[in-house]
Amino acid sequence: MLNSQAYDLGANRSCIRELFEYGRQRAAIVGPENVYDYSLGNPSIPSPAEVNQTLAQLLQDTDSLALHGYTTAVGDLATRQAIAQDLNQRYATDITPGELFIGCGAAPELCAVLKALTVPGSKVLAIAPYFPEYKPFAEAAGAVFAVVPADIPNFQIPFADLESMLTEDVTAIIINSPNNPSGTVYTQQTLEKLAELLTKKSQQYGHPIYIVADEPYRELCYDGIVAPFIPTIYKNTVVCYSYSKSLSLPGERIGYIYVPRQADDGEALYLAVAGAARAAGHVCAPSIWQKVIARCTHLRPDLCAYDKNRKALYEGLVAAGYEVAKPDGAFYLFVKAPGSDAVAFSEFAKKYDVLLVPGDGFGCPGWFRLCYCVSYDQIQRSLPVFRQMVSDWK
Ligand code: PLP
């Protein structure tokens, strides 16, 4: 007998993948230059040159057994030391390697953290719009997943709704800033207000409510904005970080979890995270990439290309009459669907070979997402098509 929950997840492709596949089919017919594919969040800027140089150097200089061998499950000490030092320099913290766990990217890190923070029946909240995989991750942990509605049009946190949903069974809230799909960066003020509310509710219920900070886009901020480091605002924060987007390494599967020792039950929580990862089959993060990261923690992405795309697409769509959430980070633009039915508008856009993802799957119907990690040329060529669509729409 098969596990039906697992079967359903495997058998039903995500709407994003469907669109991407559709785009490939259309490209074969009309030519790739005539398909305006904004569906997938795959980085379009190469990793900083130093990443590949470091990799080449390691392949040349390092003993093969050490390079390819298992590391400890929590990760090489040198890697954790380098990450701790980098974070401490940037955020004036005193993080130690013993609070870091090297993981295989944000997705499995979130799974381990959610498992560690819940018992069957615990509730995990996310704030719309949210990354759709949170639901299967939370449910695989045995938790109940619930979504706080979006704070439209600012996409910060709707505190009245959140407060009413912070019931006694909530043990964790996942937040993602800079946000996929809205591009919003939560402000210091928003995060302080969140910390205040969670502290109050934790005291009221007699147990901590943890923030799980999903941060693959932390360094992808524009216009001089810096995403606040949430553990300095709320001590019961577990960070799931990834190099997938910041160093354009999504296929290499490398990141880290930061479990602050000063968090409630911090030391036990670190062990529970390690145990949850172990139970999910984690042995160690890729050994070579741990060693690359140990030498590359100082590198930051060159955001010029994304920023140019962001401005061109934002300004072009606003000029065409679309309502667009002002994106401060990540590489997504969230746009209000003309007519307010994003699924219908996404279908309509397919007739123009424009691929956009309806916000319904992100818990935010009526809006759609565009990934602007594409060529600048695609953006320029698609803007007249977006103008045409809005004028042809009903
Ligand atoms: N969280 C968010 C918000 C994402 O957008 C993604 C990937 O797109 C992930 C997590 C998963 O990232 P990773 O490649 O690090 O597993």
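The model is predicted, so local features need pLDDT of at least 70 and side-chain atom pairs count only at pLDDT 80 or more, while totals for chains, interfaces and linings use all residues. Residues are numbered from 1 along each chain as its sequence is written, and side-chain values use heavy atoms, with hydrogens and water left out. In brief, the protein is divided into two parts, domain 1 (4-47 + 302-393) and domain 2 (50-296), and its largest pocket takes lining residues from each of them.

**Domains**

- The bounds of domain 1 (4-47 + 302-393) and domain 2 (50-296) come from an automatic or database domain assignment.
- Across the boundary, 31 residues of domain 1 are in contact with 31 residues of domain 2, where contact means heavy atoms within 4.5 Å.

**Pockets**

- Rolling a probe the size of a water molecule over the atoms shows where empty space is left.
- The search runs on a 1 Å grid over the protein atoms alone: a pocket is an open set of points with protein on both sides within 12 Å along at least five of seven lines, a cavity is a set of points where a 1.4 Å probe fits but cannot get out, and lining residues have an atom within 4 Å of a point.
- Grid points are joined across faces, edges and corners, and a volume is the space filled by probe spheres set on the points.
- The largest pocket has a volume of about 1,200 Å³.
- Its lining has 43 residues, and S14, I16, F131, P132 and E133 are the closest to the centre of this pocket.
- Two or more lining residues of the largest pocket come from each of α1 (4-11), α2 (15-30), α6 (106-116), α7 (134-140) and β11 (357-358), and α7 gives the most, with 5 residues. Helices (H or I, at least four residues) and strands (E, at least two) are DSSP runs, numbered from the N terminus.
- Sorted by class, the lining of the largest pocket has 22 nonpolar, 11 polar and 10 charged residues. Here Ala, Val, Leu, Ile, Met, Phe, Trp, Tyr, Cys and Pro count as nonpolar, Asp, Glu, Lys and Arg as charged, and the others, Gly among them, as polar.
- Domain 1 and domain 2 each give at least three residues to the lining of the largest pocket.
- The second largest pocket holds about 260 Å³ of space.
- There are 18 residues lining the second largest pocket, with P108, C111, A112, A276 and A280 nearest its centre.
- For the second largest pocket, β2 (100-103), α6, α7 and α10 (266-279) each give two or more lining residues, and the largest share, 5 residues, is from α6.
- The lining of the second largest pocket counts 13 nonpolar, 3 polar and 2 charged residues.

**Cavities**

- The structure has 2 cavities of 30 Å³ or more.
- In the largest cavity there is about 80 Å³ of space, and D86, R90, Y241, Y243 and T297 lie nearest its centre among 13 lining residues.
- α5 supplies the largest share of the lining of the largest cavity, 4 residues, and by class that lining has 7 nonpolar, 2 polar and 4 charged residues.
- The second largest cavity has a volume of about 50 Å³, and its lining residues include A126, F131, I174 and Y186.
- β5 (170-176) and β3 (123-127) each supply at least two lining residues of the second largest cavity, with β5 giving the most, 3 residues.
- The lining of the second largest cavity splits into 9 nonpolar, 3 polar and no charged residues.

**Cysteines**

- With a disulfide taken as a pair of cysteine sulfur atoms within 2.5 Å, the count comes to 0 disulfides.
- C15 has its closest cysteine sulfur in C371, 11 Å away, so that is too far for a bond.
- C296 is in no disulfide either, and the nearest cysteine sulfur, that of C104, is 18 Å away.
- C15 is partly exposed at 40% relative accessible area, while C296 is buried at 1%; buried means under 20%, exposed over 50% and partly exposed in between (1.4 Å probe, protein chains only).

**A loop residue, I95**

- I95 sits in the loop between α5 (77-91) and β2, and is buried, with a relative accessible area of 5%.
- Beyond its neighbours within four places in sequence, I95 is in contact with A84, L87, N88, L100, F229 and Y258.
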